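I opened my notebook to look a few things up in this structure, one entry at a time. Come along and check each entry against the picture.

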Amino acid sequence: MQEYKPFKEGKVREIYDNGDSLIMVATDRISAFDYILKNEITDKGAVLTRMSKFWFDYTQDVVPNHMISIDVNDMPEFFRKKEFEGRSMLCKKLEMLPIECIVRGYITGSGWASYKENGTVCGIRLPEGLVESDRLPEPIYTPSTKADIGDHDENISYERSVEILKEIYPEHGEEYAKKLRDFTIALYKKCAEYALSKGIIIADTKFEFGLDGDGNIVLGDEMLTPDSSRFWPLEGYVAGQGQPSFDKQYVRDWLKEHPDSDYTLPQDVVERTADKYREAYALLTGTEF
C-alpha cells in the first residue's frame with residue numbers, strides 16, 4: 001500500500017497530493033487569533049467536512065466547486081482507515097487565488113470596532129446609527145490577503161484586490177476580482193436566506209476560490225463552516241449587543257477573558273465547543289451528527 005504524507009499543513013487541514021486530484025483532511029485542531037490551540041475539538045474535522053459537502057451541493061448552481069467525493073472508498077487505500085473516515089474530501093486541483101473573499105451581512109467583531117471609530121468597515125462607509133450586531137442594508141464585500149500560519153490577514157479594498165490580481169494575471173485580473181466579489185455576494189445571499197429558515201443567522205463568512213485547468217473560477221477550500229463563519233441563533237437575536245454563537249467565537253471570547261491561558265482550553269470549554277459545532281450541523285442539514 002502506498003504511503004502518503006501531507007505536502008501542506010494549514011491551521012486545521014492537511015492536504016495530500018493524489019496525482020490529478022487532492023485529498024483534504026480536516027483535523028480536530030482549532031485555531032483562534034491565527035494561533036493553533038493546544039486542545040483538539042472532538043469530531044470537529046468530520047463536522048467541517050460534512051457541512052462543507054452540504055453547502056457545496058446546495059450552491060453548485062451558483063458557482064462550480066472543487067469537491068469530488070467525501071467517501072474514502074473513492075480514495076486510495078491509505079485513506080480507508082477510521083482516522084480519515086468522514087473528515088476527508090477528494091478535490092479537484094486548483095490554482096488558488098491569493099484573496100480571502102469575506103462577506104459581512106451584520107456588523108460585529110472587528111467591523112463593529114471600526115464602525116464605532118470612524119463609521120466605516122474596511123474602508124466602506126456605512127449608514128449612521130447602526131448598533132452592534134445590526135443587519136446591514138446590503139451585504140458588503142471586504143476582501144483580505146491570505147497570510148501564512150502565525151501571520152495576520154490584511155484587510156484590503158476591492159480596488160486593491162484588483163491590483164493584486166492584475167499583477168499576477170495582467171489580462172484577467174480585473175475580471176477575476178469582479179467575479180470573486182459577485183460570486184461571494186451571491187453565495188452569501190442564497191445561503192444566508194436558507195440558514196435563516198433553519199434558525200441560524202450567518203453574520204459573516206469567507207470563501208476561497210481558484211482556477212481550474214481551463215481558467216474557470218471554482219470555489220475551493222471549506223464552505224460556511226463554524227470555522228469560516230459567524231453563526232448566531234435566530235431565536236433570541238436582538239441587535240444592540242453581542243450574540244451567542246454556534247462557531248468558534250465562543251473559544252475566542254473565552255481566550256479574551258483568560259489572557260494567561262497559553263492557548264489551552266479547559267475540558268468544559270472543549271466539550272461545549274464540540275456541542276455547538278454538532279448543533280449547527282444538525283440545524284442546517286436536518287440530520288443529527
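Predicted model: local features only at pLDDT ≥ 70, side-chain atom pairs only at ≥ 80, totals over all residues.

Entry 1: Is Lys93 buried, partly exposed or exposed? Its relative accessibility is 35%, so I noted Lys93 as partly exposed. Next I looked for a charged partner and found Asp17: the two form a salt bridge, with the closest N and O atoms 3.1 Å apart. Lys93 sits in the loop between strand 7 and strand 8 (95-96), while Asp17 belongs to strand 2, so this pair ties together parts that lie 76 residues apart in sequence. Asp17 is partly exposed too, at a relative accessible area of 38%.

Entry 2: How many salt bridges does the structure hold? I wrote down 21. I then picked out the one between Glu222 and Arg13, whose side chains meet at 3.1 Å, N to O. Glu222 is in the loop between strand 15 (217-220) and strand 16 (229-233), and Arg13 is in strand 2 (residues 13-17), so the pair links parts that are 209 residues apart in sequence. Both Glu222 and Arg13 are buried.

The pair of Lys44 and Asp227 came next, with a salt bridge of 2.8 Å, N to O. Lys44 is part of helix 1 (residues 44-59) and Asp227 is in the loop between strand 15 and strand 16, so here parts 183 residues apart in sequence are tied together.

**Entry 3: Ser228.** I stayed with the loop between strand 15 and strand 16, where Ser228 is also found. At 7% relative accessibility, Ser228 counts as buried. Its side chain makes a polar contact of 3.4 Å with the side chain of Ser229. Which residues does Ser228 contact, leaving aside neighbours within four places in sequence? My list reads Asp204, Thr205, Lys206, Glu222 and Met223.

**Entry 4: Ser88.** Ser88 is buried, with a relative accessible area of 0%. Its side chain reaches the backbone oxygen of Phe84 at 2.8 Å. Not counting residues up to four places away in sequence, Ser88 touches Ile23, Met24, Val25, Thr49, Ser69, Ile70, Val72 and Met75.

**Entry 5: The nonpolar cores.** I began this page with a general point: in soluble globular proteins, nonpolar side chains tend to be buried together. How many residues does the largest nonpolar core have here? I noted 66, and the residues with the most contacts inside this core are Trp55, Leu180, Phe207, Phe209, Met223 and Leu265. Helix 4 (residues 173-197) gives the largest share of this core, ten residues. Apart from it lies another core, of ten residues, including Tyr4, Tyr16, Val72 and Met75. Val72 and Met75 are also among the residues that Ser88 touches.

I went back to Trp55 for a closer look. Setting aside residues up to four places away in sequence, Trp55 touches Cys191, Tyr194, Met223, Leu224 and Leu284.

**Entry 6: Helix 5.** Which residues of helix 5 (residues 249-257) are buried? I found Gln249, Val251, Arg252, Trp254 and Leu255. Among the elements that cover these buried residues are strand 4 (29-32), strand 5 (35-40), strand 16 and helix 6 (267-285).

**Entry 7: The cysteines.** How many disulfides are there? The count is zero. For Cys122, the nearest cysteine sulfur is that of Cys101, 13 Å away, and Cys122 is in no disulfide. Cys122 is partly exposed, at 24% relative accessibility.

Notes: Residues numbered from 1 in each chain as written. Heavy atoms only, no water. Disulfide = S-S within 2.5 Å. Buried < 20%, exposed > 50% of the residue type's maximum accessible area, 1.4 Å probe, protein only. Polar contact = N/O pair within 3.5 Å; in protein donor to acceptor, adjacent residues only side chain to side chain. Contact = heavy atoms within 4.5 Å. Core = buried A, V, L, I, M, F, W, Y, C linked by side-chain atoms within 4.5 Å. Helix = DSSP H or I, 4+ residues; strand = E, 2+ residues; numbered from the N terminus. Salt bridge = Lys/Arg side-chain N within 4 Å of Asp/Glu carboxyl O.
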